[in-house]
Amino acid sequence: MKQDWRTLPFEKSIVKVKYTTKIASTDYLKSGLYPIISQEEGLINGYWNNEKDVFKVYSPIIVFGDHTRILKYVDFDFVIGADGVKILQPINKINAKFLKYYIESCRIPSLGYSRHYKLLKKISVPIPPMIEQERIVAELDLLSDVIAKKREQLKQLDTLAQSIFYDMFGDPITNEKGWKQVSLVDICKNTGVYGAGSSSMPKQLYRPRYVRITDILDSGDLNDDFVVSSNVEDDETYRLNVGDILFARSGATVGKTYLYRGNEAQIYAGYLIKFSLNILYVNPIFIFYITKNRSYKLWISKQIIGVAQPNINAQKYGKLPIILPPLALQQQFASMIESIEKQKELIKQSLSEVQQLFDSRMDYYFG
């Protein structure tokens, strides 16, 4: 951070706002008059129709996910979604995007599914002249746009993969193609195993990554927050094997899945449930893509209706309906997915290079 920039304690760099009603995630509408913004990925997470619940935005604000640490720049009226949304209204001497980029540069460490605003309160915010803030924002916005376009390319490839799935197998829940149907537990070596209850600590050489519920992105990939378990005994007890699939069991991320493909040693945390697939019956990539379709999400929503804290246990997950087309057809699908994954890897490599440039500029201004 530039030495001649004056700073303010975080809570003096924002003004207090009056919150409107927060809408539970189970009540979100698929369409409506007003967008809902929550602490989850994606700018808009649902819709609402009651005007009295609208939070009015008179000047741009930042939404901070108290659990997820996700940051969103918002310059339009919206409805507050679920728990964990913190609205950061900067004082008039601070550009809202500048504040967002600065908070990103602070790399607030993950506390798992705990609250993180208490960490924000400990930082100080730089206040360069407004013209300097705007210049920095313009440069970082340019790089951010390139990053966003590459991420959109990845999403399009994911959409292609889903289209291939539907063409080959149809809807896995309604099963209009009449495949044999079983429950998840019927094609697994176990009935669902809960992960470690240990806390996390910074990365250590030669120790496996500790995968937590907050590490799993909507795409099924992991974020870059590499931590290890505080208990070294977890490293063997909860080690993942190729083809294991993890299901998020609690909180706002319930239903998310992650397929372990063996790219690095990993173990998993307590808010996740592991199912070890039997490859004599199923291809793990095929099963993973069952969990990426709309019908699966509908099935998830039906399991948590009327529950204050969303939660799906191992027994419920074990009853997930699974279609069972011939293994050869599953493997054919998996081969096509692997080709798409190779294209994604090229984009990810390019994305990484742009991200490195973005990070270096962030360090130049805020490091």
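**Group meeting: a walk through the predicted model**

The chain exposes about 18,300 Å², and carbon and sulfur atoms supply 53% of that. Areas here come from the Shrake-Rupley method with a 1.4 Å probe, and for residues only the protein chains shown count as cover.

Some housekeeping. This is a predicted model, in which local features need pLDDT of at least 70 and side-chain atom pairs count only at pLDDT 80 or more, while totals for chains, interfaces and linings use all residues. Residues are numbered from 1 along each chain as its sequence is written, and side-chain values use heavy atoms, with hydrogens and water left out.

Overall shape, then. The chain has eight helices and 20 strands; helices (H or I, at least four residues) and strands (E, at least two) are DSSP runs, numbered from the N terminus. The radius of gyration is 22 Å, close to the 21 Å that the globule rule gives for 367 residues, so the chain is as compact as a globular protein of that length. That radius is taken over C-alpha atoms, and the rule is 2.2 Å times the number of residues to the power 0.38. Along its principal axes the C-alpha trace spans about 65 × 50 × 35 Å.

Of the 367 residues, 50% count as buried. Buried means under 20% relative accessible area, exposed means over 50%, and partly exposed is in between (1.4 Å probe, protein chains only). Among contacts between residues at least 6 apart in sequence, 74% join residues at least 24 apart; a contact means heavy atoms within 4.5 Å.

Four strands form an open antiparallel sheet in the order β2-β9-β6-β7, where two strands pair if DSSP finds at least two bridges between them. β2 (14–15) and β7 (71–74) stand at the edges with a single partner strand each, so one side of each has no neighbour in the sheet. Strand β6, residues 61–65, pairs with β7 over four bridges. In that pairing, Ile 61 has Val 74 of β7 as its bridge partner. Helix α1 packs on the sheet and touches β2, β6, β7 and β9, with its direction at about 175° to that of β7. For that angle, axes are lines fitted to C-alpha atoms, for helices over the stretch in contact, and angles run from 0 to 180 degrees between N-to-C directions.

Asn 92 counts as exposed because its relative accessibility is 74%.

Now the charged pairs. Side chains of opposite charge can pair when their charged atoms come close. The count comes to 22 salt bridges, each being a side-chain nitrogen of Lys or Arg within 4 Å of a carboxyl oxygen of Asp or Glu.

Arg 69 bridges to Asp 225, with the closest N and O atoms 3.3 Å apart. Arg 69 is in the loop between β6 and β7, and Asp 225 is in the loop between β14 (209–211) and β15 (227–229), 156 residues apart.

Asp 141 pairs with Lys 97 at 3.0 Å between the closest N and O atoms. Asp 141 lies in helix α3 (130–169) and Lys 97 in α1, so the pair ties together parts 44 residues apart in sequence. Asp 141 is buried at 19%, whereas Lys 97 is partly exposed at 25%.

Asp 221 and Lys 348 make another salt bridge, with closest N and O atoms 3.8 Å apart. Here the loop between β14 and β15 is tied to helix α8 (327–366), across 127 residues of sequence.

Finally, salt bridges that share partners join Arg 69, Arg 209, Arg 212, Asp 215 and Asp 225 into one network.
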